[in-house]
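Could you walk me through this structure while I have it open in my viewer? I would like to know what to select next and what is there.

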Amino acid sequence: MKKVLVTGAFGQLAMCIKQAAPNFPDLDFTFVNRTELDVTDPATVRSYFSEHSFDVCINTAAYTNVEKAETEKEQAFAVNAAAVKTLAEVCKIHKTVLIHVSTDYVFDGTKTSPYIEQDATNPINVYGASKLAGEEELAAHCSRYFIIRTSWLYSEYGHNFFKTILRHANEGNPLTITTEQLGTPTNANNLAEAILLVATSESSAYGLYHYSNSGEASWYDFAKAILQESGQIETVNLAKTDHYRTFAKRPVYSILNSTKFCKAFKVDTINWRESLKTLFVENNNHK
Ligand SMILES: NC(=O)c1ccc[n+]([C@@H]2O[C@H](COP(=O)([O-])OP(=O)(O)OC[C@H]3O[C@@H](n4cnc5c(N)ncnc54)[C@H](OP(=O)(O)O)[C@@H]3O)[C@@H](O)[C@H]2O)c1
């Protein structure tokens, strides 16, 4: 059995990994939250890895508030870059494979076709810059790693656009949603399964990969689909805008091409609209 450490245990993706874990009986999981393992504390990380041994570390711990990162640059870089360097160094020493999650926001959005792994990065906000710095630290300090860039994560866990739209709809609030950016909403449950496939595999095809659901949408398209699936499209006042002001700049186009990942790990990506449906079906079944 492979021993797998998952950092950031209370985060959205880690919760989805925990939910998917029973489908991977060959993996023996340890989940650690920020209190149990603060990844920004090098001494704690080093001693934790000296006391426990892991075959794989899945780093989901991250500073993910894109807006706040603009004014909390130091904190964003501490979690998204410096901590990744520490993990990379420690994983190298202990021969642990490091699976790290990154973002479509490493790109500036000037492309008009899906981004591939070799495309030039050029982050346009602090969050994207901190995540890119993390990728660079990782590549510089260990060799047995998988960086998986993903986009627009949502699920039944944590804070995300899907849950925000449902909350506003349930409160009867009118919604004005931007059409300005194009990306791919990605069900974090699908990403969790993809990451665990990597953890299970004996692949040594280390390096950088893109993985998202397939297809494209604006935030407005995504909001509309959520309301359609929840049966609220007729009752909620949904309007479009192309001037939604945010503090942080966001790439206008950030669709990822997942072909390299799909070939390497012999999986297909799921269309975002189809995957959104499954979340409603599964939640209804759990009620
Ligand atoms: N969410 C998206 O739309 C999106 C899109 C593309 C890529 N990603 C990437 O996907 C990954 C998972 O994102 P997510 O949506 O699961 O984020 P999330 O829900 O914000 O989870 C991140 C977790 O990391 C924890 N954390 C923060 N600082 C930490 C520290 N110093 N030590 C240990 N844990 C710490 C947070 O704890 P607290 O709750 O205590 O802060 C939180 O539980 C991240 O790498 C993110 O950059 C996300």
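Start by selecting helix 2 (residues 42–51) together with helix 4, whose axes come within 10 Å and cross at roughly 20°. Because of that angle, helix 2 counts as roughly parallel to helix 4. The crossing of helix 2 over helix 4 is right-handed. To see where they meet, show Pro-42, Val-45, Arg-46 and Phe-49 from helix 2, and Thr-86, Leu-87, Val-90 and His-94 from helix 4. By class, the residues of this contact are five nonpolar, two polar and one charged.

A few words on the terms before you move on. This is a predicted model, in which local features need pLDDT of at least 70, side-chain atom pairs count only at pLDDT 80 or more, and totals for chains, interfaces and linings use all residues. Residues are numbered from 1 along each chain as its sequence is written. Helices (H or I, at least four residues) and strands (E, at least two) are DSSP runs, numbered from the N terminus. Axes are lines fitted to C-alpha atoms, for helices over the stretch in contact, and angles run from 0 to 180 degrees between N-to-C directions. Angles under 35 degrees count as roughly parallel, over 145 as roughly antiparallel, 65 to 115 as roughly perpendicular and the rest as oblique. A crossing is right-handed if the near helix is turned clockwise from the far one by less than a right angle, and left-handed if anticlockwise. Residues are in contact if their C-beta atoms, placed from the backbone, lie within 7 Å. Ala, Val, Leu, Ile, Met, Phe, Trp, Tyr, Cys and Pro count as nonpolar, Asp, Glu, Lys and Arg as charged, and the others, Gly among them, as polar.

Among the residues making the contact are Phe-77, Val-84 and Glu-89 of helix 4 and Tyr-127, Lys-131 and Leu-138 of helix 5. Sorted by class, the contact of helix 4 with helix 5 has nine nonpolar, four polar and six charged residues.

Next, zoom in on Leu-87. Leaving aside neighbours within four places in sequence, Leu-87 is in contact with Val-39, Val-45, Cys-57, Asn-59 and Leu-98.

Now go to another helix pair. Helix 6 (residues 161–170) and helix 8 have axes that come within 10 Å and cross at roughly 55°, so helix 6 and helix 8 are oblique to each other. Helix 6 brings Phe-161, Phe-162, Ile-165, Leu-166 and Ala-169 to the contact, while helix 8 brings Trp-219, Phe-222, Ala-223, Ile-226 and Leu-227. What classes do you find there? The contact of helix 6 with helix 8 has ten nonpolar, no polar and no charged residues.

Stay here and click on Phe-222, in helix 8 (residues 219–229). Phe-222 counts as buried because it has 22 C-beta neighbours inside 10 Å. Apart from neighbours within four places in sequence, Phe-222 is in contact with Phe-161, Pro-185 and Ala-217. Phe-161, in contrast, is partly exposed, with 16 other C-beta atoms within 10 Å.

For the last stops, look at two loops. Trp-152 lies in the loop between strand 5 (145–150) and strand 6 (153–154), and has a positive phi of about 40° although it is not a glycine. Is Trp-152 buried or exposed? Trp-152 counts as buried, with 25 C-beta neighbours inside 10 Å. Finally, select Lys-266, in the loop between helix 9 (259–265) and helix 10 (272–286). Lys-266 is not a glycine either, yet has a positive phi of about 50°. With 8 other C-beta atoms within 10 Å, Lys-266 is exposed.

How values were computed: A residue is buried if 20 or more other C-beta atoms lie within 10 Å of its own, exposed if 12 or fewer, and partly exposed in between; C-beta atoms are placed from the backbone. Two residues are in contact if their C-beta atoms, placed from the backbone, lie within 7 Å.
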